[in-house]
Amino acid sequence: MTTAVRAPTDLLDEGYRRCARITRDNGTTYYWGTLLLPPERRRHVYAVYALCRLADDIVDAPDATKAGYADETAEELSAFRVEVGEVLDGAPTDNPVLAAIGDSFRRCEIPRENYDRFIGAMAQDLTTTTYETWDDLVGYMEGSAAVIGEMMLPVLRPLSSAAFEPARRLGFAFQLTNFLRDIGEDLDRGRVYVPQEDLRRFGADPWVRRVTPQWRELMRFEIGRNRELYAQADAGIPMLPASSARCVSTARELYARILALIEERDYDVFSGRARVASWKKATTSARVLTFGPARRRRVAS
């Protein structure tokens, strides 16, 4: 990575404060997990999250892909890609958030190609609205999800290089949970992330926006697939330092809880979003801090 121009301390401090607010306001599950990290590592998680959120907000804006707006969205994403890329390559900036992002990439030695893959996946959201097969969806998630696990791993300082693949699996698991939770919201954007082959297999149609027997069977299948990804990711938690393991275990447990909430709602992801209550996030964090990460059985990949 090109040697970066060191930003003034006051600019970086403000940037990291803003990144923390972005994480707290938009990714509360991540935020509760990060509270178990030492402050010097916590802020780098905030910076990576803020980077992903800023790009995501561009492609997920209400009219982002509608006729008359798609070209404007593509231009905005392209400008963002260039601006952030220049900072990652060492250019100075007076934008506090971008300064913090650049500082975190440099200090944690996060590979630049991680960013390139991520932003490429965000651009794909502007042109692709469905995925025919699970493999097709995984191809998209390589850049939108697995790569986030790769970016977070240097921040978490793994004890073994073998933590790499479990980190990617956790990225897949988190995003699939998002996809299942947000099916109704994604329909409003004209997108369906559930593989088309699965919809046909179970005879389910999300556009009906109604829970049917076919829909329940589809969701049971996807939730089972999601839980297998979480189980595969669990192998990496013992490969992390204690504070990082507590952080990841908390986020993992809270995110996986969303799947149980979807089940409790009888798989209704159309009339509202399954949310983990704030008290549950607080008590989970406190329990993991006190007793350590839960031990779970591995599922063979």
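Trainee: Is the crossing of helix 1 and helix 3 left-handed or right-handed?

Mentor: Start with the axes, which are lines fitted to C-alpha atoms, for helices over the stretch in contact, with angles running from 0 to 180 degrees between N-to-C directions: those of helix 1 and helix 3 (residues 39-59) come within 8 Å and cross at roughly 65 degrees. That makes helix 1 roughly perpendicular to helix 3, given that angles under 35 degrees count as roughly parallel, over 145 as roughly antiparallel, 65 to 115 as roughly perpendicular and the rest as oblique. A crossing is left-handed if the near helix is turned anticlockwise from the far one by less than a right angle, and right-handed if clockwise, and this crossing of helix 1 and helix 3 is left-handed.

Trainee: What kind of model is this, and which atoms do its side-chain values use?

Mentor: This is a predicted model, in which local features need pLDDT of at least 70 and side-chain atom pairs count only at pLDDT 80 or more, whereas totals for chains, interfaces and linings use all residues. Residues are numbered from 1 along each chain as its sequence is written, and, with hydrogens and water left out, side-chain values use heavy atoms.

Trainee: Which residues of helix 1 and helix 5 make their contact, and how many of the residues are charged?

Mentor: Helices here are DSSP runs (H or I, at least four residues), as strands are (E, at least two), numbered from the N terminus, and helix 1 (residues 9-26) packs with helix 5 (residues 96-108) at an angle of about 95 degrees, with the axes 7 Å apart. The two are therefore roughly perpendicular to each other. Contact means heavy atoms within 4.5 Å, and helix 1 supplies Leu-11, Leu-12, Glu-14, Gly-15, Tyr-16, Arg-18 and Cys-19, while helix 5 supplies Pro-96, Val-97, Ala-99, Ala-100, Asp-103 and Ser-104. If Ala, Val, Leu, Ile, Met, Phe, Trp, Tyr, Cys and Pro count as nonpolar, Asp, Glu, Lys and Arg as charged, and the others, Gly among them, as polar, these residues divide into eight nonpolar, two polar and, for your count, three charged.

Trainee: Are Cys-19 and Cys-52 buried or exposed?

Mentor: The words follow relative accessible area, where buried means under 20%, exposed over 50%, and partly exposed in between, with a 1.4 Å probe and protein chains only. Cys-19 has 0% relative accessibility, and Cys-52 has 10%. Because of these values, both cysteines count as buried.

Trainee: How are helix 8 and helix 11 oriented, roughly parallel or roughly antiparallel?

Mentor: Helix 8 (residues 164-181) and helix 11 pack with their axes 7 Å apart, at an angle of about 155 degrees. Because of that angle, helix 8 is, relative to helix 11, roughly antiparallel.

Trainee: What is the phi of Arg-209?

Mentor: Most residues other than glycine have a negative phi, and most peptide bonds are trans. Arg-209, which sits in the loop between helix 10 (196-202) and helix 11 (213-234), is partly exposed, with a relative accessible area of 35%. Its phi is positive although the residue is not glycine, with a value near 55 degrees.

Trainee: And what is the phi of Tyr-267?

Mentor: Tyr-267 belongs to the loop between helix 12 (242-264) and helix 13 (278-291), and with a relative accessible area of 9% it is buried. Tyr-267 is not a glycine, yet its phi is positive, at about 65 degrees.

Trainee: Which residues does Ser-285 contact, leaving aside its neighbours within four places in sequence?

Mentor: Ser-285 is found in helix 13 and, at 6% relative accessibility, counts as buried. With those neighbours set aside, the residues in contact with Ser-285 are Trp-32, Leu-36 and Thr-250.
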